[in-house]
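Please read this report with the sequence and the coordinates open beside it.

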Protein chains: 2
Amino acid sequence: MTPLGDGRYAATIHPDWDIFGAANGGYVLAIAGRAMADAAGRPPVTVTGHYLAPTTEGDVTVDTHVVRSGRRFATVNATVNQNGRDVLAVLGTFGDRDEPGFSYIDGHPPELPPFDDPVFADSPDVAAERPNIFNNIETRMEPHLSGFRVGIKSGEALLTGWLQLRHEEPIDAIALLLCADAFPPPIFNLDAPVAWVPTVELTVHVRGVPAPGPLRCRFATRFISDGLLEEDGEIWDTADRLVCQSRQLALLPRG
Amino acid sequence: MTPLGDGRYAATIHPDWDIFGAANGGYVLAIAGRAMADAAGRPPVTVTGHYLAPTTEGDVTVDTHVVRSGRRFATVNATVNQNGRDVLAVLGTFGDRDEPGFSYIDGHPPELPPFDDPVFADSPDVAAERPNIFNNIETRMEPHLSGFRVGIKSGEALLTGWLQLRHEEPIDAIALLLCADAFPPPIFNLDAPVAWVPTVELTVHVRGVPAPGPLRCRFATRFISDGLLEEDGEIWDTADRLVCQSRQLALLPRG
């Protein structure tokens, strides 16, 4: 990412983040988030992206505008532009973590086999069909919920699993924007007539910077109606802390 | 609301929407949403507001900018300005409902006594302490969860109840933005050292236009950590349809 002055940044969409022809939505949000965090001078707390058009391999510019820079938080909006058209509009608030204080945690990380369990080994035919993005993000989905990849659907719109970046690259607050959209849609576990689920809007709350090690993720959809669905995500670190909550509104195209 | 040209609108913050000195956040979001819907030429689907400063009684201007206007959706950003400073930054996508198609509903409206049940009658001392906003929005909270108003806390960060506008004014897609922030914070049911819970960001998904009649609402917080918490809302209509999902990120000020 290269600052060009006046809040504008140049960045490149790498082909390695492709999902069947379009760049992953979380990856594009993370590119915008990195520029916005630079403009804000602090890491993301809550970031919302509205997807306007598919993003593909190649150059983009990110135009940022600091709406307000306060003592604790800075609020920034941005647009990502590719080939002369806006592909993503973003609004986010950035700030540093507060001290731990009153705590209330009504939830827990998903229960998964250990990260190195041989049960996660994919059969080669499944691995061969994986989109490019899985060369950069390694996901290890709970086996009882991942049979949809070979046509065995659980009937519940839920996916859980491990996530780490390849080469165990550390996951910072900005990389969490990417992680929040890194799993397949959990509705692939339903008998819905659906091949793709385009995101309209994705909101990510960064609740903490992850401790080192792979993350545990839970993605679920509870309501599909009138061609729209929400997808809620929770991401937990190796210290059993919730580090990210996400929600997206997506389209269920008519089959 | 008065259009002033070039995407600018004039509006007034009425004192009747006050909560102990500041206008209700959902009310201000609905004012922005109404201007944005006018600019977009269609009703809201997903709207996110970032709160920059308290809004008080008096005039505001809303500056809207249509980022993209497509066949199905239009994406608009806006800022609300009062007395020369921005108080709210908003990003939203607007569009018309799709036809019903594949449906999956993993949830149900909260169970409540009937809207007209005498159990909802408040004792006069409680009613006297109500903020102004409750002259415009009538809420009838599940009695077992609303004892916090007299110091009896349930221990679970959950509130459910009925909601209708005074004089049974119909609730359209824009009014849902207001409803999504109309209940007290559910963490008032915890032994947390907290008197107010300022919203950092509020995202509302409009999932349908409500059928006539009072709405049933469920607001809950599952995670409080490092001075931040989320609050999730579900709003159901008299036809048992989910018409709104909301999530806000709020601050837990140190007590």
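The text below takes up the interface, then strand pairing, and then an aromatic pair.

**The interface between chain A and chain B**

The model is predicted, and every value given here is computed from it. Chain B brings 63 residues to the contact, and chain A likewise brings 63 residues. The size of an interface is often expressed as the accessible area that is lost when the parts come together. For chain B and chain A the buried area is about 5,500 Å², with carbon and sulfur atoms giving 56% of that area.

Polar and charged groups also take part in the contact between the chains. Between chain B and chain A there are 26 residue pairs in polar contact, counted where both residues have pLDDT 80 or more. On the side of chain B that touches chain A, strand β16 (residues 242–251) of chain B supplies the largest share, seven residues. The residues on that side of chain B comprise 26 nonpolar, 18 polar and 19 charged. Six salt bridges are found across the interface of chain B and chain A; in a salt bridge formed by B:Glu234 with A:Arg222, the closest N and O atoms are 2.8 Å apart.

**Strand pairing across and within chains**

| Strands | Sense | Bridges | Bridge partners |
|---|---|---|---|
| β1 (residues 2–5) of chain B and β2 (residues 8–13) of chain B | antiparallel | three bridges | B:Thr2 and B:Ala10 |

The strands β1(B) and β2(B) form a hairpin with two residues between them, and B:Asp6, which lies in the turn, has a positive phi of about 55°.

**An aromatic pair in chain B**

How many aromatic pairs does a search of the whole structure find over all chains? The search finds eight aromatic pairs. For B:Phe115 and B:Trp162, the ring centres are 5.6 Å apart and the planes stand at 85°, so this pair is edge-to-face. The pair links distant parts of the chain, since B:Phe115 sits in the loop between β9 (104–105) and α2 (124–128) of chain B, while B:Trp162 belongs to strand β11 (residues 158–165) of chain B, 47 residues apart.

Terms used. Residues are numbered from 1 along each chain as its sequence is written. Chains are lettered from A and ligands numbered from 1 in the order in which they are written. This is a predicted model: local features need pLDDT of at least 70, side-chain atom pairs count only at pLDDT 80 or more; totals for chains, interfaces and linings use all residues. Side-chain values use heavy atoms; hydrogens and water are left out. Contact means heavy atoms within 4.5 Å. Buried area is the accessible area (1.4 Å probe) that two parts lose on being put together, summed over both. A salt bridge is a side-chain nitrogen of Lys or Arg within 4 Å of a carboxyl oxygen of Asp or Glu. A polar contact is a pair of N or O atoms within 3.5 Å; within protein, one must be able to donate a hydrogen and the other to accept it, and residues adjacent in sequence count only if both atoms are side-chain atoms. Helices (H or I, at least four residues) and strands (E, at least two) are DSSP runs, numbered from the N terminus. Ala, Val, Leu, Ile, Met, Phe, Trp, Tyr, Cys and Pro count as nonpolar, Asp, Glu, Lys and Arg as charged, and the others, Gly among them, as polar. Rings of Phe, Tyr and Trp (its six-membered ring) pair if their centres lie within 6.5 Å; planes under 30 degrees apart count as stacked, over 60 as edge-to-face and the rest as tilted. Two strands pair if DSSP finds at least two bridges between them.
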